[in-house]
Amino acid sequence: MRFETKQVPDATPAVRAVGVGKTFGRRAKAVDAVAGVDLTIAAGEFVSLIGPSGCGKSTLMRLIADLDAPTAGTLEVFGRSPRTARLEQDYGIAFQQAGLLPWRSVVQNIALPLELHGVPYAERAERAEQLADLVGLADFRDHRPDQLSGGMQQRVAIARALAEKPRLLLMDEPFGALDEMTRERMQAELARIVARTGAAVVFVTHSIPEAVFLSDRVVVMSPRPGRITAEVEVPLGAERAEMLRESPEFFRTVSEVREALHGAPVGRANER
Amino acid sequence: MSAAAERTLRIVAPIVVGVLLVALWWALSANQGRTMLIPTPAMVTDEIVAHPDVILKATGITTINALIGLGLGAIVAIALAGVAAWLRIVDWMVAPVVAAVAVVPIVALTPILNTMFGASSQFGRQLIAALAAFVPVFINVLRGLRQAKPVQRDLFAALGASGGQTFSRLTLPTAVPYLFTGLRIASSLAVISALVAEYFGGPANGLGTAIATYAKSGKASLAWANVIAAIVVGLVFFLVTVLIERIVARRIPV
């Protein structure tokens, strides 16, 4: 397989958080964005973080990515410090905004991580071509980002996140700015891509169906302070095809997550 | 309108305006009796044909003054903007100075600088052009260096990019269009400032001096011939900047 990930001993979890907390500000103005988070994500596992705005799900992802430092607890990524994991490129990352460089073509954007890490030109060009193909943008390889739709830009960002064959993908609402139809198509594509790469995924979202469709496990968070209130296993198996969205298991899990989010059974079945 | 028609119109329209302006000039200058305050277009062209060497020499001096001023001002502005973008404290320190330079009256400063560097030196004039060019380049480059989006900065951090890599692949390319906006404004300002500086003293050469001398000594047509040369210099500066911008814009990224 061309898209296999770097080798990792199976026993080492992708992410291990023990009592992790993050406080912004000091004293009277202090805000606990994340508090007392215990979370272990196995290698190859797809975990969604879900919760209302301000529940700390993005902050938790930024801590794992070492874009912010935790103020409490210990955090390990593949058994190492997040900083080492970041510098060693153990993870690939995609944000809500694609964050592409507008003066670069699609393949040049995808190749950016490889270029920064000194991969020779021929090698990174070939890999960027493969990745453009993987996300269905082979015909747009030389286009600039402003010539692409929002969904296509986000696919470039995902291809870029996969460039270093990471064992862990961090995604912060990558489909948040897309319309519902594009969004469902992107979810199916992401499920396919992740199945091929075998990478672990931390997926931040506030869409319940999206979390259920994609994940092996949904982690429910609540705000003030941001903490984990429930975890829901998703019994949908490894293959995630479009038909799953119509299955009773899917609906049952969606309800289960919704109840966990609201803290009590919800009677309004027609509410999405 | 078809694309071809639009393209033709874009070329024809300014030419029509130009022809109309010359016609208006001709109509005004031809009907003023014997006072001849305004020379006719024919008289001005006659002067250009009769004294190309004089006009060319003055043009050359002004061009060099403006060019040195533009280069000096732009280089200092880029360097200082780089430091100011990097260290907030430098930005705070130089901000009032830049504001002061932006409003400094060139007309008042010129005689002082001419006296400082001596009546035979062009450096005072070049310094005036540099001061004028400095401000728009500094302001635009500093702004441009801060235009990289937080998500792009996060991405480079997540990729473990070094400070140098982030600068060369994100901060700098983001700032380039802003640099050229500044240079476009600065190129015209440098020419105007060099002209004005020549007008107010220093060595007895350059277009500014020529225009002042001929206008005062009743050689209006020759003065106007020099004005036209000045306009050409300003336009050439502007167009060359635009041309370089186009070439660079096409070449990014590496």
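The following legends describe several close-up views of a predicted model.

Residues are numbered from 1 along each chain as its sequence is written, while chains are lettered from A and ligands numbered from 1 in the order in which they are written. In this predicted model, local features need pLDDT of at least 70 and side-chain atom pairs count only at pLDDT 80 or more, whereas totals for chains, interfaces and linings use all residues.

**View 1. Chain A as a whole.** Chain A contains nine helices and nine strands; helices (H or I, at least four residues) and strands (E, at least two) are DSSP runs numbered from the N terminus. Its C-alpha atoms fill a box of roughly 55 × 45 × 35 Å along the principal axes. Of its 272 residues, 47% count as buried. A residue is buried if 20 or more other C-beta atoms lie within 10 Å of its own, exposed if 12 or fewer, and partly exposed in between, with C-beta atoms placed from the backbone.

**View 2. Helix α6 of chain A.** This helix covers residues 150–162, and its end C-alpha atoms are 19 Å apart, which agrees with the 18 Å that its 13 residues should span at 1.5 Å a residue. The expected span is 1.5 Å times one less than the number of residues. In α6(A), 10 of the 13 residues are buried, among them A:Q153, A:R155, A:I158 and A:L162. The elements that cover these buried residues include β5 (91–94), α5 (121–134) and α7 (180–197) of chain A.

**View 3. The largest nonpolar core.** A nonpolar core is a set of buried Ala, Val, Leu, Ile, Met, Phe, Trp, Tyr and Cys residues joined through C-beta atoms within 7 Å. The largest one has 86 residues, and those touching the most other members are A:I50, A:I64, A:I110, A:L170, A:V201, A:V202 and A:V257. Helix α6(A) gives the most to this core, with six residues. Leaving aside residues up to four places away in sequence, A:L170 touches A:M61, A:I64, A:A65, A:Y91, A:I93 and A:V202. Two residues touch, or are in contact, if their C-beta atoms, placed from the backbone, lie within 7 Å.

**View 4. Strand β8 of chain A and its partners.** Two strands pair if DSSP finds at least two bridges between them. Strand β3 (residues 46–50) runs parallel to β8 (residues 217–222) in chain A, and four bridges join them; here A:L49 stands opposite A:V219. On pairing with β9(A), β8(A) runs antiparallel through six bridges, and A:R217 stands opposite A:E233. These two strands, β8(A) and β9(A), form a hairpin with four residues between them, and A:R224 in the turn has a positive phi of about 50 degrees.

**View 5. The loop residue A:E242.** A:E242 lies in the loop between β9 (227–233) and α9 (248–262) of chain A. It counts as exposed because it has 12 C-beta neighbours inside 10 Å. From C-alpha to C-alpha, A:E242 and A:Q187 are 9.3 Å apart in space, although 55 residues apart in sequence.

**View 6. The contact of chain B with chain A.** Each chain is represented here, with 14 residues from chain B and 14 residues from chain A. On the side of chain B, the elements that give two or more residues are α7 (150–158) and α8 (163–199), and α7(B) gives the most, with six residues. This side divides into nine nonpolar, three polar and two charged residues. Ala, Val, Leu, Ile, Met, Phe, Trp, Tyr, Cys and Pro count as nonpolar, Asp, Glu, Lys and Arg as charged, and the others, Gly among them, as polar.
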